[in-house]
Amino acid sequence: MAVIVRAGAAPMVWLGVLAAAVGLVPEGLTGRRIGLYGGAALFLVAAAVVAAVRTGRYRELEHTATRAARGDVLQDRAVTVRNRRRDHRWWLLAAFAAAVGLSFAVPAAGGMLLAGAGAGLWLKARALGRRESAAEKLLWVRTDWVEGGRPAGARVKGYRTTGPAAGDAAPGGARRR
């Protein structure tokens, strides 16, 4: 389940860093220094908000998690990451374009906002991983319940659990080594 959360983090961070770098080229309306300070504040706020959003729903679904049944379809980590990134590529491209466009007004701020949202997703996946490690079980979402890549969406009735050695993902959605 944390794989879904973590899958969007890396593209958002890297596109945000790229947009911030491109955003430093024009002077902008506010100047580079104000843009960087504003961008740093936006980075921190976005990371905190994204990391904190819907944590109650995640915890509620964790507490009602049941052991994965034989008939449950649990996807491979690579397939989940590929599907999640493919489904959201146009949103990422639009966010990148908006961040670069915003740099003409406030240099680097839009890119740092996008990178902050990605960092918040990464922090959320890390928190999920710590809870999975503490409980010594991995949390999964049935593939037919995930709508649009939302692991805590309305269609998700509950999580499934397996032992920590199951699958190819480590707690928190990282690749198993």
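**Entry 1: terms and overall layout**

I take a helix here as a DSSP run of H or I with at least four residues, and I number helices from the N terminus. The model I am reading is predicted. I counted 7 helices and 3 strands in the chain. Going along the sequence, I read their order as α-α-α-α-β-α-α-α-β-β. The box I get for the C-alpha atoms, along the principal axes, is roughly 60 × 35 × 25 Å.

I then looked up burial and surface. Of the 177 residues in the chain, 41% count as buried. The chain has an accessible surface of about 9,700 Å². Carbon and sulfur atoms account for 64% of that surface. I also checked how far contacts reach along the chain. Taking contacts between residues at least 6 apart in sequence, I find that 81% join residues at least 24 apart.

**Entry 2: salt bridges**

Side chains of opposite charge can pair when their charged atoms come close. I asked how many salt bridges the chain has by the rule used here. The count is 3.

I began with R57 and E60, whose side chains form a salt bridge at 3.5 Å, N to O. Both residues sit in helix α4, 3 residues apart, so about one helical turn separates them. I noted R57 as partly exposed at 21% relative accessibility.

Next I took E62 and R131, which meet in a salt bridge at 2.7 Å, N to O. E62 belongs to helix α4 and R131 to helix α7, so this pair ties together parts that are 69 residues apart in sequence. Is E62 buried or exposed? I have E62 down as buried, because its relative accessible area is 15% and the cut-off for buried is under 20%.

I finished with R32 and E27, where the closest N and O atoms of the salt bridge are 2.9 Å apart. Both partners are partly exposed: R32 has 34% relative accessibility, and E27 has 44%.

**Entry 3: helix α6 against helix α7**

I looked up how helix α6 (residues 89-102) packs on helix α7 (residues 109-135). The angle between them is about 145 degrees, and their axes are 6 Å apart. Which residues make this contact? From α6 I listed A95, F96, A99 and L102. From α7 I listed G110, G111 and L114. By class, the residues of this contact are 5 nonpolar and 2 polar, with no charged ones.

In the loop between α6 and α7 I found A108. The phi of A108 is positive, at about 70 degrees, although A108 is not a glycine. A108 counts as buried because its relative accessible area is 1%, and buried means under 20%.

I came across a nonpolar patch on the surface formed by V45, V49 and V53. Together these residues have about 240 Å² of accessible area. V49 lies in helix α3 (residues 32-52). V49 is partly exposed, at 45% relative accessible area.

A52 is also part of helix α3. I noted A52 as partly exposed, with a relative accessible area of 46%. A52 and L123 are 71 residues apart along the chain, and I find 9.2 Å between their C-alpha atoms.

R54 is placed in the loop between α3 and α4 (55-63). R54 has a phi near 65 degrees, a positive value in a residue that is not glycine. At 46% relative accessibility, R54 is partly exposed.

**Entry 4: G173**

I asked where G173 lies. The answer is the segment after β3 (160-162). How accessible is G173? G173 counts as buried, because its relative accessibility is 3% and the limit for buried is under 20%.

Setting aside residues up to four places away in sequence, I find G173 touching A2, V3, R6 and R77. I also checked G173 against G101, which is 72 residues away in sequence. The C-alpha atoms of G173 and G101 are 33 Å apart in space.

Terms used. Residues numbered from 1 in each chain as written. Predicted model: local features only at pLDDT ≥ 70, side-chain atom pairs only at ≥ 80, totals over all residues. Heavy atoms only, no water. Axes fitted to C-alpha atoms, helices over the stretch in contact; angles between N-to-C directions. Helix = DSSP H or I, 4+ residues; strand = E, 2+ residues; numbered from the N terminus. Contact = heavy atoms within 4.5 Å. Nonpolar A, V, L, I, M, F, W, Y, C, P; charged D, E, K, R; others polar. Patch = residues over 30% accessible without salt bridge, like charges linked within 9 Å, V, L, I, M, F, W, Y side chains within 5 Å. Areas by Shrake-Rupley, 256 points an atom, 1.4 Å probe, with all protein chains shown as cover. Salt bridge = Lys/Arg side-chain N within 4 Å of Asp/Glu carboxyl O. Buried < 20%, exposed > 50% of the residue type's maximum accessible area, 1.4 Å probe, protein only.
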